[in-house]
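These are my notebook entries on a few residues that I looked up. The structure comes before the notes.

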Amino acid sequence: KATNNIVTDLEYPAQINNLCLDSKFDLVLSIGQVVPHEVTGMANYNKNLLVGAGGVDAINLSHYIGAIVGMETSMGRASNPLRDILEYATNNFLNEKVKNL
């Protein structure tokens, strides 16, 4: 659905590194610039957790989806197919601690 029915048979691996959820940390900072990004539209925010700390499968699939939908659909846009997937994963799978980062 998020990719306009182009990629419909793949599940996105909504996962992050366990260190991000480790109870010995009170705060996890993700420092970076909010700049246009050719795959997720805009860099930073949940991209840093779900893709950057999500592992190689998340990185590969996000770039695959970006290639399928095309840079013109995503670059510099706050709303785009992959961003919709990341928003869904954030709202439905990440626990409250991570959502409030």
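Is S62 buried or exposed? I found S62 buried, with a relative accessible area of 1%; buried means under 20% relative accessible area, exposed over 50%, and partly exposed in between, with a 1.4 Å probe and protein chains only.

I noted that this is a predicted model, in which local features need pLDDT of at least 70 and side-chain atom pairs count only at pLDDT 80 or more, while totals for chains, interfaces and linings use all residues. Residues are numbered from 1 along each chain as its sequence is written, and side-chain values use heavy atoms, with hydrogens and water left out.

**Entry on helix α2.** I placed S62 in helix α2, residues 56-69; helices (H or I, at least four residues) and strands (E, at least two) are DSSP runs, numbered from the N terminus. Leaving aside neighbours within four places in sequence, I listed Y12, V39, V51 and L82 as contacts of S62, where contact means heavy atoms within 4.5 Å. I then looked up Y64, which is also in helix α2. Y64 is partly exposed, with a relative accessible area of 41%.

**Entry on the loop.** I located N44 in the loop between β2 (41-42) and α1 (46-52). Y45 lies in the loop between β2 and α1 as well. Most residues other than glycine have a negative phi. N44, however, has a positive phi of about 95°, and the phi of Y45 is positive too, near 55°. Which of the two is buried? I recorded N44 as buried at 9% relative accessibility, whereas Y45 is exposed, with a relative accessible area of 53%.
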